[in-house]
Structure formats: C-alpha cells, structure tokens
Amino acid sequence: MHYWIASPLPISLYLLCLITFIYLVCHYYQHKFPFSVLDIALNYIPVLTHEFGHVFFNRISGGRVVDLVIVATRRERNATGQQGYAVTQSKSRLSQIFTTIGGYIMPPLMLVIGIMLQHKGQGALFIIIYIFIFIYYTLVTSRKLIPISIIAFLCFISYLGIHSENLSNYSFMYMLVYHFLLGTLLGEIIQSSMTIFKLTFSSPKPNWDGTALSHLTRFPTFLFSSFWIFINGLSLYYAIHQYFII
C-alpha cells in the first residue's frame, strides 16, 4: 500500500560527509574563487533556515515581519558583512529576545527533524516543510526571483519522493537533494559553533546577536553562546547516534 508521504530513502554516509566537508571547505575559502560562488550556493538554505528562525520566533512572540533577505552575491556579502537578515518589529523586550535566540535554534532543529522523518520513511515531508518555508519567504521578501525558482525545484523533487514506492525506484535527484539539505545543515551547525566560539572570545567585542542579547538581558554573552553551542552539540550527537553508532 502506498502512503502519500511515505518515501523510503537510504542515507549514504559517504555522500553526507562529502557534502558537509565541501561545505566547510567552501566556507573557509569563501573569499577565493570558485569557493566564493560555491559557498553562497551551499549555504543559501542554511542561511534561510537561520533567518527563518528569527522570523518564526518573532511571529510566535507577537512580532511583525517587515522583510527577509538572503544575500546572494559575494560583492554584497563583502560590503555588508551579512549573509542574510530579517527585518522585524517586536512588541516587547521579551519578543526581541525570543527573536534573536530563534535564529540559532532553527538549523539544529531542522537537522533533527530531517533525520527523524527519514528514519520514519517520510522524507518527502521534510522537503515539503522547506517548500512552505520558501513560500513564506517569497511572500515577505523584497527579492523574489531566487525563492520562486527554488520552490519550483523543490516541488518537483517532492513529487518524485511522494511517488517513490520502494527502494528500487526512488529518484536519484530526490536522494541527492535530501542529502544536500542534511549535509549543508550539518556543515552549518559545525561552522556556526566555531563562529559563535570565536565571536564570544574576540577582543574587542564585535556586534552580533550574542552581544545584542547581553544588552537586552544583562546576562553575559557567554551564557547565550554556551546555550547555542549546546543545542548544536545535541543535534550533532543525535546525527552521530543515528548514522554512525550501530
């Protein structure tokens, strides 16, 4: 019997680790061609996931979203120092705190969700979640061309996944996209943990979400950095436990 979102999907550890490794290498050499181009392509979805986390927590805490942008050119990223940004309005200090915290929680959360759904044979649902994220992104962003193109592609891949009834006829493209999502999220979690650690102990202190939270709450930046790295660590442990520990 075929279930609507039941899509058996084997995970190749070699492919998953390869995508994660390429992600980390491209991020490290992001200012050199061709890594500068590959870095943007590889981290577009992780950056969107991060910024959507800000937006999601802003909305559930009563805030309002003005704009959501993923910077898609190296020139603009170098000029602004930003990979993406969410313009939000918060009704209270507490809402502002939730908004800031949420961005760093979303990538590890999505990684865990992706692994769980894959193990349950419902991998297509994970891609459908991202389709809805892209639809929302398209509705609120001032830059719509790229998200519309990605939505069309993800819809096609999701269709292939939904109509995959057994291991012998699943789509290679569907499998590749699923590995791409998990691999880039995994790479983002690793590199963001290192970036958070570096920002926390940099001198002089840079302006980033950790220092913003410190100003809002009067708690030390180290507290929030430790929390985010702990959440990242839990998601990495879950991934390792599922795929590497027999």
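In helix α4, T100, I101, Y104, I105, P108, L111, V112, I115, M116, Q118 and H119 meet F224, F227, W228, I231, N232, S235, Y238, A239, Q242 and Y243 of helix α9, where contact means heavy atoms within 4.5 Å. By class, this contact holds 15 nonpolar, six polar and no charged residues; Ala, Val, Leu, Ile, Met, Phe, Trp, Tyr, Cys and Pro count as nonpolar, Asp, Glu, Lys and Arg as charged, and the others, Gly among them, as polar. This is a predicted model, in which local features need pLDDT of at least 70 and side-chain atom pairs count only at pLDDT 80 or more, while totals for chains, interfaces and linings use all residues. Residues are numbered from 1 along each chain as its sequence is written, and side-chain values use heavy atoms, with hydrogens and water left out.

Two packed helices are described by the angle between their axes and the distance between the axes. The axes of α4 (residues 93-119) and α9 (residues 221-243) come within 10 Å and cross at roughly 10°. Here axes are lines fitted to C-alpha atoms, for helices over the stretch in contact, and angles run from 0 to 180 degrees between N-to-C directions. Helices are DSSP runs (H or I, at least four residues), numbered from the N terminus. The crossing makes α4 roughly parallel to α9; angles under 35 degrees count as roughly parallel, over 145 as roughly antiparallel, 65 to 115 as roughly perpendicular and the rest as oblique.

Helices α2 (residues 35-60) and α7 (residues 172-200) have axes that come within 9 Å and cross at roughly 75°. That makes α2 roughly perpendicular to α7. A41, L42, I45, P46 and T49 of α2 meet F180, L181, T184, L185 and E188 of α7, and the residues of this contact divide into seven nonpolar, two polar and one charged.

R74 pairs with D39, and their closest N and O atoms are 2.9 Å apart. R74 lies in helix α3 (residues 74-80) and D39 in α2, so the pair ties together parts that are 35 residues apart in sequence.

Two cis peptide bonds can be found in loops. One runs from F33 to P34, with omega near 5°, and P34 is in the loop between α1 (13-28) and α2. Another joins S203 and P204, with omega about 0°; P204 lies in the loop between α7 and α8 (209-217).

Technical notes. A salt bridge is a side-chain nitrogen of Lys or Arg within 4 Å of a carboxyl oxygen of Asp or Glu.
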